[in-house]
Amino acid sequence: MSLYSRIIGTGGFLPESVLTNRDIEDIIDTSDEWIRGRTGIRKRHVVRDGESCSELAEFASRRALEAAGLEPAEIDLIVVATTTPDQIFPSTACLLQRRLDIRGCCAFDVQAVCAGFVYALGVADQFIRAGSARRALVVGAETMSRLLDWQDRATAVLFGDGAGAVVLEADRNPGIISSHLHADGSYVDLLQVPGGIGGDRNEDHYLEMKGNEVFKMSVTTLCRIVDETLKANGMQKSDIDWLVPHQANIRIIRATARKLDLPMDRVVVTVDEHANTSAASIPLAFDVAVRDGRIRRGETVLMEGFGAGFTWGSVLLEY
Ligand code: ACO
C-alpha cells in the first residue's frame with residue numbers, strides 16, 4: 001500500500017512591527033491608492049533589528065508542532081524554504097534545529113524564492129513516500145524587507161516578512177496527492193538580487209525586478225501549472241475546493257482563480273495583510289484558513305507558487 005504525507009499541524013508567525021501603505025508614503029513617492037490598486041496590498045509586517053529569519057521560523061514551527069500535538073524531538077526531517085537566510089552557512093534549517101533543540105535528524109534549506117514552499121513540500125513528500133522520514137517539519141521563512149532598496153518605489157512596496165510551517169506525517173491515506181516542480185534559469189535577469197560570493201561582497205545588493213514582465217510570465221505560467229496538475233491526476237476544475245496561491249499580487253491571484261472557475265471566496269487571500277512574504281506566503285495563508293475553520297479535513301487544496309529563477313510549482317493535497 002502507498003504511503004502519503006498528511007499535514008497534521010500548521011503554524012504561522014508575523015513580526016510585531018507593521019508598515020502600512022500610508023507609512024510608506026512618508027518614505028517614498030507612492031500612494032496607498034496606487035499600491036492597493038496595482039497589488040491589493042494594504043500593509044506588511046517587517047522585522048526589527050535583532051529579529052532573524054530563524055527566529056520567525058522557530059515561532060511558526062512551535063505553533064505547528066503544538067497543533068500537531070508533537071514534541072520537537074519527534075521530528076525526523078526539517079526542510080526550510082528561504083531566500084533570506086540568517087547566514088551564508090550553516091543553513092537556516094540547522095539554525096532552526098538548534099533553536100528547537102533537536103539533534104541528529106536531516107535538516108537542509110531549499111532556495112526557490114517565491115516557489116520555495118511548494119518546492120520544500122514536494123521534497124519532504126518524496127522523503128516520506130520513500131520511507132526515509134516519518135514526521136517532517138516544512139517551513140517557509142523570510143525577512144524580505146532586508147533585501148529591499150527602500151528608495152525604490154517599484155519594489156519596496158511589494159514585500160513583507162514572516163514565517164509559516166506545516167508538520168507532515170506518513171499515513172496510508174492522502175495526504176499530498178502530487179507535486180509538480182519546474183524551473184527555467186534563462187529568466188534570471190528579470191528578478192534577482194545580484195550580490196553573492198562571486199560578486200563584490202562589499203557592495204550593497206538589493207532586489208531588482210522587471211515587474212511588468214514578471215507579472216505576465218507568472219499569470220501564464222500559473223495557469224499552465226493548474227492544467228498540468230489537474231491533468232496528471234485526472235481531475236476536473238470542480239474537484240478543487242480551495243486555492244492557496246503564492247501571495248504576490250491580487251491581480252495574479254484573481255487570474256489563477258478565473259482559470260479554475262473558482263469564486264474568490266474559495267481562494268485564500270492574505271496579500272492585503274501580509275504583502276509578498278516569498279516562501280512564507282503559502283504556509284502563512286494556509287495556516288490562516290485552517291485556523292479560522294475555512295479549510296476542513298477531507299477538502300482538496302491546490303497550492304501554487306511562482307518566483308525568481310524562474311521557479312514554479314504546485315502541490316495538490318487532501319487536507
Ligand atoms: N507608487 C506609485 N507609482 C509607481 C510605483 C509605486 N510604488 N511603482 C511604480 N510606479 C509607477 C511606475 O513608475 C510607472 O510610471 P510611468 O507609467 O509614469 O512610467 C507606473 O507606476 C506603472 O509601472 P508598472 O511597473 O508598469 O506597473 P505594473 O502595473 O506592472 O505594476 C507591479 C507593477 C505591481 C510590480 C506588477 O508588475 C507586479 O505585481 N509584478 C509581479 C511581481 C511578482 O509577481 N513577483 C512574484 C515573484 S517575487 C519573487 O520571486 C521574490
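Me: Into which domains is the chain divided, and how many Å separate their centres?
Reply: This is a predicted model, and the domain assignment of its chain gives domain 1 as residues 4-173 and domain 2 as residues 177-318. Taken over C-alpha atoms, the distance between the centres of domain 1 and domain 2 is 14 Å.

Me: What area is buried between domain 1 and domain 2?
Reply: The size of an interface is often given as the accessible area lost when the parts come together. In this model the contact takes 52 residues from domain 1 and 46 residues from domain 2. Carbon and sulfur atoms give 63% of the area buried between the two domains, which is about 3,700 Å².

Me: Which three residues supply 17% of the area that domain 1 buries against domain 2?
Reply: By class, the side of domain 1 that touches domain 2 has 25 nonpolar, 17 polar and ten charged residues. The 17% share of the area that domain 1 buries is more than any other three residues supply, and it comes from Cys114, Val118 and Tyr119.

Me: Which element gives the most residues to the side of domain 1 that touches domain 2?
Reply: The elements that give two or more residues to this side include the strands β1 (4-13), β6 (135-143) and β7 (161-171), and the helices α3 (53-68) and α5 (116-129). The element that gives the most, with eight residues, is α5.

Me: How many salt bridges does the rule find across the interface of domain 1 and domain 2?
Reply: Between the two domains, 20 residue pairs are in polar contact. Elsewhere in the list of charged pairs, the side chains of Lys43 and Glu273 meet in a salt bridge, with N to O at 3.3 Å. Whereas a search of the whole structure finds 18 salt bridges, the number across the interface of domain 1 and domain 2 is two.

Me: How far from a nitrogen atom of the ligand does a backbone N or O atom of Arg153 lie?
Reply: The ligand is surrounded by 25 residues, and the closest are Thr30, Arg38, Cys114, Arg153 and Asn249. For Arg153, a backbone N or O atom lies from a nitrogen atom of the ligand at 2.9 Å.

Me: Where is Gly175, which a cis peptide bond joins to Pro174?
Reply: The peptide bond from Phe89 to Pro90 is cis, with omega near 0°, and Pro90 has its place in the loop between β4 (77-81) and α4 (92-100). A cis peptide bond also joins Pro174 and Gly175, with omega about -5°. Gly175 is found in the loop between β7 and β8 (176-183).

Me: What is phi of Val113?
Reply: Val113 has its place in the loop between β5 (106-110) and α5. Its phi is positive in a residue other than glycine, with a value near 50°.

Key:
Residues are numbered from 1 along each chain as its sequence is written. This is a predicted model: local features need pLDDT of at least 70, side-chain atom pairs count only at pLDDT 80 or more; totals for chains, interfaces and linings use all residues. Side-chain values use heavy atoms; hydrogens and water are left out. Domain bounds come from an automatic or database domain assignment. Contact means heavy atoms within 4.5 Å. Buried area is the accessible area (1.4 Å probe) that two parts lose on being put together, summed over both. A salt bridge is a side-chain nitrogen of Lys or Arg within 4 Å of a carboxyl oxygen of Asp or Glu. A polar contact is a pair of N or O atoms within 3.5 Å; within protein, one must be able to donate a hydrogen and the other to accept it, and residues adjacent in sequence count only if both atoms are side-chain atoms. Helices (H or I, at least four residues) and strands (E, at least two) are DSSP runs, numbered from the N terminus. Ala, Val, Leu, Ile, Met, Phe, Trp, Tyr, Cys and Pro count as nonpolar, Asp, Glu, Lys and Arg as charged, and the others, Gly among them, as polar. A residue is near a molecule or strand if one of its heavy atoms lies within 4 Å of it.
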